[in-house]
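Morning, everyone. Let me put the model up, and then we'll walk through it.

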Amino acid sequence: MELFNGGQISLSNIPVLTQQGFRARILDRCHEDARLVNLFGHLGTSGQVRLSAILGLDEEAGLEILSTFISSEAAQYESLTKDLLQAHLFEREIAEQWAIQPLGHPWLKPLRYHCNYRSATDIWKNIANKTIPGEYPFYAVGGEEVHEVGVGPVHAGIIEPGHFRFQCHGEEILHLEIQLGYQHKGIEPLMQGQDLKRSVLLSESIAGDTAIGHSTAFCEVVESLSGCIISPKAQAIRAIALELERLANHIGDLGALGMDAGFLPTSAYFGRMRGDYLNLLLALTGNRFGKGLCRPGGVLFDIDANMAGEFCLKLKKYKEEFQDVSDLLFSRPSVLARFEGVGVITPEDAQKIGLVGLAGRASQLECDVRINYSSGMWQFHHVPISLGATGDVYARALVRRQEILRSLEFLLKVLPSLPAGEIFTPAGPMKPDTLAVSLVEGWRGEIMHVGISDAQGGFARYKIKDPSFHNWFGLAYAMRGQEISDFPLCNKSFNLSYSGHDL
Amino acid sequence: MLKILKTRFKQGCRTILFPKAKAPDLPQRYRGRPIIAGQNGSIDLGKIFFNPDSDIVYSNDYSMATSKREDLVLSQEREMALARALNERMLKIFGRSLKLRQVSAGGCNACELDLNVLNTPVFDLSRFGIQFVASPRHADGIVVTGPVSRNMREALLKTYEAIPEPKLVIALGGCAISGGIFSDSPQASHGLDTIIPVDLFIPGCPPHPLTTLDGLLRLLGRISS
């Protein structure tokens with residue numbers, strides 16, 4: 001069944017396949033031109049778990065949705081991961097959330113260490129009583145000269161927690177396994193229920209650095225379910241805020257990359273310049289991360305002609321400054337020597353892992369929701385895709401630089417010609433027993449929210465997917481064969497969200 | 001080399017003069033300390049989300065950090081009691097050099113990022129002798145963000161225990177202070193002060209860097225109201 005970004009489908013219209021048929025269809029489509037965008041469980045009407053898969057047909061802007069039932073007695077199915085790497089974390093998540101065993105999964109471990117959602121016996125005994133990383137095996141390498149390095153959860157800097165286990169031979173990393181879950185707050189269950197006013201605040205705190213991206217996705221799901229069409233002006237303001245968020249984060253990341261390459265001047269300048277964009281968001285929304293802007297039905301803050309003019313003046317100045325400092329960064333041989341050839345992911349591997357967003361584009365994958373699944377403002381303003389060629393730290397830095405310039409161009413084009421009209425159209429009640437999807441190209445990549453409404457006007461199930469969910473495995477994979485001292489640099493080049501993964 | 005110097009020259013000095021001079025004005029839409037006049041009942045700065053679609057009217061005032069949890073509860077009857085300076089003995093130890101360890105315990109990364117901003121040239125935190133260090137053994141205190149998720153509780157307690165006495169504890173952001181937006185979750189705690197004693201509460205979602213800097217400087221006796 002075909003869906004589109006921002007579309008909805010009645011639960012009863014979602015095709016139900018046999019378990020074998022479900023598996024075969026996903027494998028067939030993903031070995032052709034589709035991609036596993038989402039795979040998740042939700043409760044069926046008679047208590048059994050329904051697995052739904054959403055496949056992305058990037059070239060046709062289409063989404064295919066299909067589902068299968070898993071009986072509560074024989075809570076198992078044949079794992080997809082052994083034939084489709086993209087399913088790896090999704091299946092671990094399903095095993096943990098719904099106590100369903102994916103038979104033959106090559107590395108079945110808990111993801112976030114919590115009890116399952118259907119009060120069944122957990123696959124892992126006492127899962128919620130153990131401290132992460134718990135008593136579960138780490139992929140280990142044997143041999144006399146091999147040694148293991150464990151880092152985290154508490155890291156050296158002001159960053160989020162996670163545990164990294166390196167298998168090394170001398171300086172060389174043979175394998176890295178990343179165990180997350182420390183930031184788990186149980187956001188998905190909190191989103192369920194009737195209080196949408198609180199849910200929208202939660203969506204702003206899925207990943208604080210992507211408040212606009214996630215709250216836009218949430219609002220689009222509610223708007224889709226309630227048949228609310230927001231005004232062109234509200235769409236434009238959301239797009240402007242999304243690009244400001246992208247600018248702030250990309251510029252901060254270039255600064256951090258310079259820092260880890262040992263080149264401090266640009267890190268100080270970019271660090272400050274990041275603040276310029278946060279301050280624009282502050283002027284627009286009253287919050288440096290844009291919390292409080294997006295609400296189902298539109299936005300709460302307008303941009304008048306004065307503000308638009310003021311923003312344009314500032315952005316022109318910021319653009320000059322950016323070009324100046326980025327030329328400095330990208331022309332230093334010592335910086336380039338650290339960036340080039342480090343943490344390479346080939347296009348083939350990127351496709352197999354299912355990388356999304358800027359990390360995918362750095363490995364030549366043409367994935368950008370703004371282009372492939374354009375909705376809202378992006379249907380009228382085409383942003384060229386920024387691709388890298390080499391899949392290394394350099395490519396991930398370069399894609400950021402290109403996107404910064406393109407976001408600035410976009411803002412300078414849109415701000416002076418903002419559509420007129422209202423910014424808010426109240427959203428009515430949501431259609432019951434319906435599933436809606438929303439895709440947003442956040443600064444890290446593809447955000448997907450899926451909401452399934454209940455008969456009481458709330459959500460029966462809310463599924464959140466941050467791009468980090470796809471890309472953490474990419475970071476681990478990129479470290480193979482690298483020196484352990486390259487890890488901080490590689491890590492910054494991905495800069496993934498812990499909170500967005502752990503939910 | 002010349003290019004580096006040229007860019008350096010162009011960048012100039014960007015550090016704000018605060019606290020010697022007034023901090024730069026915040027935009028009109030910024031949601032700072034709530035205005036209590038005309039409100040019924042009380043407002044708990046540790047529990048509100050500073051969202052625009054609430055009944056609360058916000059002022060432009062960024063000073064909100066307090067020494068006691070109950071001081072975050074504003075009402076008609078009581079003037080806001082901002083954070084007080086440490087006692088003389090503590091000021092002697094920490095007043096000119098304070099090393100802090102940060103632990104994110106379930107934070108969404110907004111508080112963490114805006115704490116990091118204090119290290120940019122604009123705020124230049126190290127000019128006050130305050131620095132963030134990598135090891136709790138080198139630290140004089142801990143800054144905690146997030147609602148202390150169940151999975152981070154042990155790591156947080158171990159980090160806290162590893163800091164030598166006497167030590168300071170700072171709760172940064174609504175989630176650390178009360179569990180914030182996550183307080184209904186079985187995975188979250190209901191305030192850092194229910195787990196370890198807290199010396200400074202900095203409210204916000206996330207707190208503006210000026211709110212944090214103002215709180216730290218009040219604690220060290222560098223600003224008095």
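Which residues form a negative surface patch here? The members are A:E2, A:E59, A:E60 and A:E366. Keep in mind that this is a predicted model.

Take A:E60 from that group. Where is it? Buried or exposed? A:E60 is exposed, at a relative accessible area of 51%. The cut-off for exposed is over 50%.

Now chain A as a whole. Chain A carries 16 helices and 16 strands. Along the principal axes, the C-alpha atoms of chain A fill a box of roughly 65 × 65 × 40 Å. Buried residues make up 64% of the 503.

One helix to look at: α14 of chain A, residues 468-478. Nine of its 11 residues are buried, so α14 is largely enclosed by the rest of the structure. Among the buried ones are A:F469, A:H470, A:W472 and A:L475.

On to chain B. Here we have six helices and seven strands. Starting at the N terminus, the order is α-β-β-α-β-α-β-β-α-β-α-β-α. The radius of gyration of chain B is 18 Å, close to the 17 Å from the globule rule for 225 residues, so chain B is as compact as a globular protein of that length. Its C-alpha box is roughly 60 × 40 × 35 Å along the principal axes. Of the 225 residues in chain B, 61% count as buried.

That's the tour. Over to you.

Key
Residues are numbered from 1 along each chain as its sequence is written. Chains are lettered from A and ligands numbered from 1 in the order in which they are written. This is a predicted model: local features need pLDDT of at least 70, side-chain atom pairs count only at pLDDT 80 or more; totals for chains, interfaces and linings use all residues. Side-chain values use heavy atoms; hydrogens and water are left out. Patches are made of residues with over 30% relative accessible area and no salt bridge: like charges are joined within 9 Å, nonpolar side chains (Val, Leu, Ile, Met, Phe, Trp, Tyr) within 5 Å. Accessible areas come from the Shrake-Rupley method with a 1.4 Å probe; for residues, only the protein chains shown count as cover. A salt bridge is a side-chain nitrogen of Lys or Arg within 4 Å of a carboxyl oxygen of Asp or Glu. Lys and Arg count as positive and Asp and Glu as negative; His and the chain ends are not counted. The place of a charge is taken as NZ of Lys, CZ of Arg, CG of Asp or CD of Glu. Buried means under 20% relative accessible area, exposed over 50%, partly exposed in between (1.4 Å probe, protein chains only). Helices (H or I, at least four residues) and strands (E, at least two) are DSSP runs, numbered from the N terminus. The radius of gyration is taken over C-alpha atoms; the globule rule is 2.2 Å times the number of residues to the power 0.38.
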